Amino acid sequence: EAVKDLFFQGQSDEFTVDDFYGSPGDFGLQKLYYKELEQLFFYGTIVWMGCGEIKYPAIWNIPQEYPHTAQRDIVIPKNGFEWTGIREGWQPPSEEAEDAWHSVMSLVMVREFIAANPEEKVKVYFYQPSVGVGDPRDWKWIFILRNQSPQNQSSPTVIDNVSLAECKLQQNIPNPFSQSTVIRYTLPQTGKQAQMVITGTSGSVIRKIPLQSGTDSITIEGGALSAGIYYYSLYVDGSLIDTKQMILTK
């Protein structure tokens with residue numbers, strides 16, 4: 001249904017997916033990281049009795065933009081598949097995953113990535129943006145293939161990720177808070193535009209705060225806000241770096 005090329009700063013012989021899951025009391029989230037390089041590559045919201053959305057990558061390409069093959073054979077990676085983002089007590093629908101994998105085999109790049117990286121497992125993530133009730137048409141199968149082939153180093157399709165090792169977003173202190181709370185952050189001197197975005201549990205934007213490079217902090221005053229859960233996100237040039245939760249009590 002959609003394809004995205006992501007290029008990361010740094011090199012690693014390993015590819016481990018680390019994940020963060022924010023349980024949706026009303027509004028939750030799922031984030032996936034390239035653990036060895038400390039870089040985010042997926043962030044989606046999860047809504048109780050509603051429907052979340054994929055926040056990062058924000059833009060995906062349609063499959064028709066990529067070369068296809070007429071071959072109909074099914075290629076299985078030598079070392080198989082690895083599930084990621086699995087929650088305790090939940091079993092992934094493996095048969096549906098197999099059908100979804102069959103549907104991407106017409107993409108030439110999928111076959112090339114597997115051939116060029118025969119030892120690499122394909123990571124599989126099942127994104128359900130809704131909890132409690134939902135439309136299966138909103139559910140997404142996401143297959144993550146890493147390409148370490150030489151041609152990957154010179155591809156023109158580049159996402160300019162800012163390394164999580166350089167950008168830091170700290171947990172607000174105090175948390176929970178009743179009057180005000182302080183959020184500390186670190187940004188490298190990149191010349192890029194950065195901002196902090198405060199959202200409510202519905203995903204609505206409450207504030208956008210421009211940020212300066214370096215190590216600094218901002219103070220959030222709770223006087224004009226209702227008690228509840230809020231999220232604050234660090235963006236650099238429109239790319240999401242990290243999101244954390246804060247709780248306001250009255």
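Let's start with a pair: Lys31 stands opposite Tyr43, which sits in strand S3. Keep in mind that you're looking at a predicted model.

- Strand S3 covers residues 39-48, and nine of its 10 residues are buried, so the rest of the structure largely encloses it.

**S3 with S2**
- S2 (residues 27-34) runs antiparallel to S3, and eight bridges join the two strands.
- These strands make a hairpin with four residues between them, where Glu38 takes a positive phi near 55 degrees.

**S3 with S4**
- Strand S4 (residues 54-56) also pairs with S3 in the antiparallel sense, over two bridges.
- If you want to spot this pairing, look for Gly44, whose bridge partner in S4 is Ile54.
- Here too there's a hairpin, with five residues between the strands, and Met49 in the turn shows a positive phi of about 60 degrees.

**S3 with S7**
- Strand S7 (residues 130-131) runs parallel to S3, joined to it by two bridges.
- Val47 has Ser130 as its bridge partner in S7.

**A stop at Leu145**
- You'll find Leu145 in the loop between strand S8 (140-144) and strand S9 (168-169).
- Its relative accessible area is 23%, so Leu145 counts as partly exposed, since buried would mean under 20%.
- Leaving aside residues up to four places away in sequence, Leu145 touches Trp101, Val110, Phe113, Ile114 and Val122.
- Leu145 and Asn117 are 28 residues apart along the chain, and their C-alpha atoms are separated by 9.2 Å.

Technical notes: Residues numbered from 1 in each chain as written. Predicted model: local features only at pLDDT ≥ 70, side-chain atom pairs only at ≥ 80, totals over all residues. Heavy atoms only, no water. Buried < 20%, exposed > 50% of the residue type's maximum accessible area, 1.4 Å probe, protein only. Contact = heavy atoms within 4.5 Å. Pairing = 2+ DSSP bridges.
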